[in-house]
Amino acid sequence: MTSEISVTHNRARHRWEAWIGEDLAGFATYHRSEGVIDFRHTEVDPAFTGLGVGGILVRTALDEVAEGADRVVPSCPFVAEWMGRHPEYEHLTTSGAG
């Protein structure tokens, strides 16, 4: 499988989605309130495990958040762990916001 992973923000479903071709490879759900985006759950289809889908999904979502004024609450363990390995995103967390 050599298709490129594309990530889209599906605002209607409150999630970022990772696509490989026509296949939904994974998604990260969130809840938004008062300038805060709380990432609640990240899921990658088992058929796409090991392709870096989760990392690309989270990086793209956080890059989009960084373009706005929102802060992040990484309630999802995957997002929290990913952010812990990428300190360049720490400034997006509510605790790193000040």
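**View 1. The buried residues of helix H2 pack against strand E4, helix H1 and strand E5.** The model shown here is predicted. Val79, Trp82 and Met83 are the buried residues of H2. Viewed down the axis of H2, these buried residues fall within an arc of 100°, so they line one face of the helix. Pro77, Glu81 and Gly84, on the other side of H2, are exposed. An α-helix has 3.6 residues a turn, so residues three or four places apart point the same way.

**View 2. Helices H1 and H2 cross at roughly 80°.** The axes of the two helices come within 11 Å. On the H1 side, the residues in contact are Gly54, Gly55, Val58, Arg59 and Leu62. They meet Phe78, Val79, Trp82 and Met83 in H2. Of these H2 residues, Val79, Trp82 and Met83 are buried.

**View 3. Five strands form an open sheet with mixed pairing.** The order of the 5 strands is E1-E2-E3-E4-E5. Strand E1 (5-10) and strand E5 (71-74) are the edge strands, and each pairs on one side only. From one strand to the next, the twist averages 25°. Strands of a sheet pair through backbone hydrogen bonds, either parallel or antiparallel.

**View 4. Strands E1 and E2 run antiparallel.**

**View 5. Strands E4 and E5 run parallel.** The two strands are joined by 4 bridges. Arg71 in E5 is the bridge partner of Val36. Together with H1, strands E4 and E5 make a right-handed β-α-β unit.

**View 6. Helix H1 lies across the strands of the sheet.** H1 spans residues 53-67 and lies across E1, E2, strand E3 (23-33), strand E4 (36-44) and E5. The helix runs at about 135° to E2. Helix H2 (residues 77-85) also packs on the sheet, where H2 touches E4 and E5. The direction of H2 makes about 115° with that of E5.

Terms used. Residues are numbered from 1 along each chain as its sequence is written. This is a predicted model: local features need pLDDT of at least 70, side-chain atom pairs count only at pLDDT 80 or more; totals for chains, interfaces and linings use all residues. Side-chain values use heavy atoms; hydrogens and water are left out. Two strands pair if DSSP finds at least two bridges between them. Axes are lines fitted to C-alpha atoms, for helices over the stretch in contact, and angles run from 0 to 180 degrees between N-to-C directions. Contact means heavy atoms within 4.5 Å. Buried means under 20% relative accessible area, exposed over 50%, partly exposed in between (1.4 Å probe, protein chains only). The arc is that of the directions from the helix axis to the C-beta atoms. A crossover is right-handed if, with the strands pointing away from the viewer, the path from the first strand over the helix to the second runs clockwise.
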